[in-house]
Each structure stands twice: as structure tokens, then as C-alpha cells.
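Subject: Model handover

Hello,

Here is the structure for your set-up work. My notes on it follow below.

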Amino acid sequence: MAEIRLDRCPLSMEDIDVCFSSDVPLVATCRIEVIMENEPSLQVEGITPQSREIKAAQIAEKRLCRAIEAGARYVDVELEAPKQMSKRVRGMAHENGTVFIRSYHDFERTDSFEALKALVEKCRYHGADVVKIVTMAHSQEDVDRVMSLYDWDAKENGTGRLIAFCMGDAGRESRLECLRRGAPFTYAALVAEDAAAPGQWPAADMAKAVYGDFRFVGSCSVPGMENEDSAVTALQMPSSKSFAQRAIIAAALADGVSHLRGYTHCGDNDAAVDVARAIGAEVNMDGNELTIKGIAASLGSVALPELHVGESGLLTRMMLPLMAQLSETPVTVTGEKTLLERPLTGASEIMEAFGAKVKNASGASGPEQEGNCLKVPFEVTGPLSAGRAEVSGKHGSQLISGLLMALPFAGRNSSLIVHEPKSIPYMFITLEVLKKFGIKIGNEMLGGRDFLESDGDWSLCTEMVFKIKGGQMYKAADIDLEGDWSAAANFLVAGAIFGKAELQGLDTTSLQADLSIMDILMDAGASLSQLDGEKGNITVQRAPLGAFSVDASNCPDLFPVISVLAAFCQGTSRIAGVGRLANKESDRAGAILEMMSQMGFSADIEGDELVVHGKPLAQRLMEGSMPKGGHYSSHHDHRMVMALKVAGLGAESPIIIDDEACVAKSFPGFLEMFGRLCNN
């Protein structure tokens, strides 16, 4: 990041536009007293000191507001600035998402601790998001008083909202020490000759003191620490298995030949291909394109006593209602590995709402009591009865998606009312795929006043209503499969914490729930950019990271990697939706807490929230609190392996994972691609 001194740099308004549109996080600063001294228009004879100050404030305001509009990440206004000018700049900053810094400088001395506290409180009173206090130190006692502000302010306001250090030779080390105390960033000169105040470090010396020989991923932009090859190779993301699995099954059910472009192998996708073949579709592959000749499915058109779904939870729940519709005789659904231990909570009740029966292959049936929970293998007997049914969505969207795919085969129209819907974006992915294959389903989202006033916030939706016309047939389609945001999240977090990453093959208009990683990273303060439209390459690079709060109920697959992100964000982050982590490939909530504790991170579960007390990379490096290495369990969960690899980029010693191979379930090429990121 960089501070741009608009009082010293001869920039036109157009120059400011160009400068602050940079992807690098920039601080816009414009000191009124410097403008009064240097601005040629204010040096004319006859102008009074009062008029000179008023005009200087107007110039500063105009430049700062222009920088904010152009994209400044931070704007710095000195405490002595005129009240109305400060108020207008603050308003502009908050309208544009710019962090408002209120600063105080004393170039002569360091006041008493009580006076310093009063200055911090005054800055907060005047709307500071971050307070900056810089004084001249003549002794270690002066420095100690300023450094004491951190402990006091943390108790009063939380960490990460204070930058305090001293000028002068006595205060030189405080410019480094402030990072250890929790300052979001500190100040250094590009080179020694450009020092803006006594005691300021050259950037290369500061970087060496903070980061030592730490190796960043991608291209490092720290002065004096650049990689030999500054170019970052864009990483091609695999296809979304959420889209791919739905599209493969829809193409298998269709009348005609479909082409799915952009397909990439993984365990779950290949299991969907096997299912398509098992129900009678012809599937061929040419490079990354699947050609599928469908079976023109209709009620009772599939005669199949047993169906194997691999380890895919989505495939299991989709095929449950589909096999009830397509087979005239009972079908046993089998699976493998972690799927055999994952209960299908709520499945029996939802299927029975439409007249179908499902029971464990061992013969257990009826209400899902303890010891009688539905699991793979199970037997399903159909058909689904058309009509109106109300079901609970609190256990997820996958079985709902299966119903949406199966009910169009019914002879009559159906209405499906889903209470407490979860993972809503995935239901819309299902509707999007079905639409491409000629299936039309009406839908409506309902909720209380909060939902209505939110303009459709998924997290506030309390009910979804689907209107499904019976007697529909699937039609062949040619579609391009989207890149996978679940996979991308790991590389984006790695770049945001540890350096830089550039990804390609993603669509920022996607319905995928894990697109939320972009919002989470922006809330945390990461530097993100995208060129060439909604499908252009996405670049993320390090920037000061602060705590965030997010409801991840609709994107539970992000939990492991954003818990690692939170550990490197200054302050306390809260991630809601822990209840959605049950019945994944592992007890994912327990696995995350185990990982965080073993690494030495501070994290707890409070109700439905994962609470993480984080520290930024620089502070962790300086105080020696980087993640601890050693032997870690993946719990045979592909998402945990990916999160462990990301955290391992900063580990004190190597992190050894017991089952890295399980990433093949969703992303067989992950380890190789992650290695390329590290070697860029």
C-alpha cells in the first residue's frame, strides 16, 4: 500500500482519478498547513492568513473528495482541520466505503498520557474509523506513553483501530513496534532521502525487519523484496461441480444430444457421469467437453434395481426423488467412503410428503430416531404423488433440488413450499440448469418485513414457494460449465494473506453461493480487481486485513478457509451458520476447531457462530505467533485439506496432512495448482 501526499505531489484532478483507481490500497492525505506554504495561488500579496487558511482547506477538501470518488481505500484528515470540511470529507468517505483516518501530529514534543488519551477520544468523537497519533519523542519515556495507548484503546475500542508511534531518533523503533501492538499498518519512506519526518525508516529496511526471509506467494511488491520474476501466472479454475453434476443428470434425462463444455474431472463429477451411464445415457468425452445422449426420461422409464452414487452427497439427494419417479420398482442407492457415515436427516419426511417411501437397506424405516437415521445404502420406492406439500428446508437444499428435478415428470402440477430454506443459491442453480434443459418452474421468495426491506436478502428469506408444471420433458442443451468458486476461495484467501494470486475461468455474476468469498474478502479489506468484464481474470493481493462478520449458512463450504482468513484479520471475526456444518464429509465444526487450536489460533463456537480472534500477518511474524506445524488430520474432508494447505503457507514448520488424496473428491488438480501458486 502507499500514502499519496496530495499536498506535496503536483497532481491534477485527472491525475488523481488515475492514481486512485489503482488496485494497490492507497491513503489520500492532504495537509492544510503544507498547502498554505506551497500552493502558488496562496502566496500572492495581500491575502490574509485567515483567507489563506480557508482557501487551503477548500483545496484540500476538493482533492481528498476527488481521491475518495476515484477509489481511495483510506483518507486522512488532521484533527485541526475545519469542522465543516472534515464533516464533508467524512460523509463522502462513508458513502464510498473509504476508511476515515483522523490524525494528530506534534512535531515538538509528547504530551502526558492523559492528554494523549483525550486526543484519541476526540478523534473518535469526530468520526474516526482509525485514529493516528504521532508525536516527537525525546526519550524512551515519551515512547512508552505513546505505546501505552494500545493496551488502553484495545479495552475501550477493540484492536486494529489505532496507529500510534513517535518521530525522532528516540521514536524510530516505535514505528516497528506499533505493528506488534496491533496497528493495521505503519509508515515508511520509499527511500531514506524521502523521509517525511525524523526517524522514518526506508521501506526496504522496514520490510526486512517485519518479514525477514518470509517467502510470499505470487509476486511480492514490498520494496527491496521483489521476486525475480514479478509476473503472476493466472490459475485456471476447475468447473463448478454444483453446475456440472446437475447438468450431467439433466442431460442424461433429456431427449437428444447435449454438449457440456468446460468439464473437469473430480470424484463427484465422475460419479455423476457413472450415474448417467447407469440409467442408460451414452456419455463420451473429448478433451474438456462431454457429449451426452439422453434417455428421453419419463415416469417409470428406468429399470434399475441398484444405483451407485460414489461419495457425492449432492448426487445422493438428487437421485433419491429422481429414482422414485423414474423406476417402477424399488431402487437401492449405494455409496462409498465418508458418504456411508453421513445421515440424510429429514429425507424420509420430505419424501413421504409426496407419497414416496424410503428406508435403510437394512430394513429400518419410520421416524428418524436415534439409531434409526437414514443413511446410504437405502431403498426408495415411488412414485412421487403430484400435489401440494410443505417441507422443511433447514437441513439443506440438495433434496429440494432433487424434487425440483423429479416433479416435472408427474402427471399433474405440484406446489412445493419450503420453510426455513437453507443454501438458497443452490436451489437457484438447479432452476437455472433446468431452464437450460427446457424445464420451467415458477418460484417466489417470502419473508417478513426485514426481508422485504432488504430487497431480497437470501439470509432473511423464511419461505420459498415453487410451482411445478407436470408432464414436462427434458430437452437437450449445449452449455458452458462455470468455474468453481468453492475451489477459487482457497487461492483468493492465500493471495489476500500471503502475497498475490490471479485466477481465470470465473464469472462474478454466478449464482454459486461461494461467490460470497468476494464480499467476505472485500469486507476484510483485501485488494481485489477484475479486468475485461464479468468473466475476466480476478487478482487479489495483500492489504491490511480487518475483522469481518458474515452469515455463511448459504455457503457452508467456505467455513474452513474463511476461518483461516479470520485468524489473519485484526480483531474478532464472527462467522454464523455453524449448524450447517453437520453431516458434511467430516464433523466440520469440530474439525475446524481442532485445526485452529492445534495451530495456536484463538477460536470458539458461540451458539451458531464461529468466533475467531485474529491478528494480521505482520503482527504474527513479529511476535512469533504464526501457525504451528506438525501432523494434522484432514478428517478425510477435502475442504479441510485445502484450508490446511492455505494456513501452511505461513506455518512455522511444515504441516503434514494425513489424507491429502481426498481432495480428488472435488478438485484432483488442487495440490499441483497450489504448488504452482507457491512457486510463482
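Where is the place of Ala296? Ala296 is in the loop between strand S10 (289-293) and strand S11 (306-308); helices (H or I, at least four residues) and strands (E, at least two) are DSSP runs, numbered from the N terminus. Ala296 has a positive phi of about 50 degrees although it is not a glycine.

This is a predicted model, in which local features need pLDDT of at least 70 and side-chain atom pairs count only at pLDDT 80 or more, while totals for chains, interfaces and linings use all residues. Residues are numbered from 1 along each chain as its sequence is written, and side-chain values use heavy atoms, with hydrogens and water left out.

Confidence

The average pLDDT of the protein is 92, and 96% of the residues score at least 70; pLDDT is the predictor's confidence in each residue, from 0 to 100. Over residues 364-371 pLDDT stays under 50, and for this stretch the model has 13 contacts beyond four places in sequence (contact means heavy atoms within 4.5 Å). Where pLDDT is low, the predicted coordinates should not be read in detail.

Cis peptide bonds

Two entries belong here. The bond from Val376 to Pro377 is cis, with omega near 5 degrees, and Pro377 lies in the loop between strand S13 (357-360) and strand S14 (378-381). The bond from Gly382 to Pro383 is cis as well, with omega near 0 degrees; Pro383 sits in the loop between S14 and S15.

The six-stranded sheet

Six strands make an open, parallel sheet in the order S1-S2-S3-S4-S5-S6; two strands pair if DSSP finds at least two bridges between them. Strand S1 (2-5) and strand S6 (162-167) are at the edges with a single partner strand each, so one side of each has no neighbour in the sheet. Direction ignored, neighbouring strands of this sheet are turned by 25 degrees against each other on average. (Axes are lines fitted to C-alpha atoms, for helices over the stretch in contact, and angles run from 0 to 180 degrees between N-to-C directions.)

Strand S3 (residues 74-78) pairs with strand S4 (residues 99-106) in the parallel sense over five bridges, and Glu78 stands opposite Ser103 in S4. Helix H4 (residues 83-95) lies across S3 and S4 and runs at about 145 degrees to S4. Helix H6 (residues 140-157) lies across strand S5 (130-136) and S6, at about 175 degrees to S6.

The four-stranded sheet

A mixed, open sheet is formed by four strands in the order S15-S16-S18-S17. Its edge strands are S15 (388-392) and S17 (441-446), each of which pairs on one side only. Neighbouring strands here are turned by 15 degrees against each other on average, direction ignored.

S15 and strand S16 (residues 414-419) pair in the parallel sense over five bridges, with Leu416 of S16 as the bridge partner of Ala389. Leu416 also stands opposite Phe466 in S18; S16 and S18 are antiparallel, over six bridges. S17 and S18 run antiparallel too and are joined by six bridges, where Ile441 has Ile468 of S18 as its bridge partner.

Helix H13 (residues 398-406) packs on this sheet and touches S15, S16, S17 and S18 (463-468), its direction making about 170 degrees with that of S16. Helix H14 (residues 424-436) lies across S16, S17 and S18 and runs at about 160 degrees to S17.

Helix pairs

The axes of helix H11 (residues 313-326) and H13 come within 8 Å and cross at roughly 35 degrees. This crossing of H11 and H13 is right-handed (left-handed if the near helix is turned anticlockwise from the far one by less than a right angle, right-handed if clockwise). Residues that meet include Leu314, Arg317 and Met318 in H11 and Leu399, Gly402 and Leu403 in H13. The contact of H11 with H13 divides into nine nonpolar, four polar and one charged residues; Ala, Val, Leu, Ile, Met, Phe, Trp, Tyr, Cys and Pro count as nonpolar, Asp, Glu, Lys and Arg as charged, and the others, Gly among them, as polar.

Helix H16 (residues 485-498) and helix H22 (residues 670-679) pack at about 20 degrees, with axes 12 Å apart. H16 and H22 are therefore roughly parallel to each other (under 35 degrees; over 145 counts as roughly antiparallel, 65 to 115 as roughly perpendicular and the rest as oblique). Asn490, Phe491 and Ala494 of H16 make the contact with Phe670, Met673, Phe674 and Leu677 of H22. By class, this contact of H16 with H22 has six nonpolar, one polar and no charged residues.

Regards
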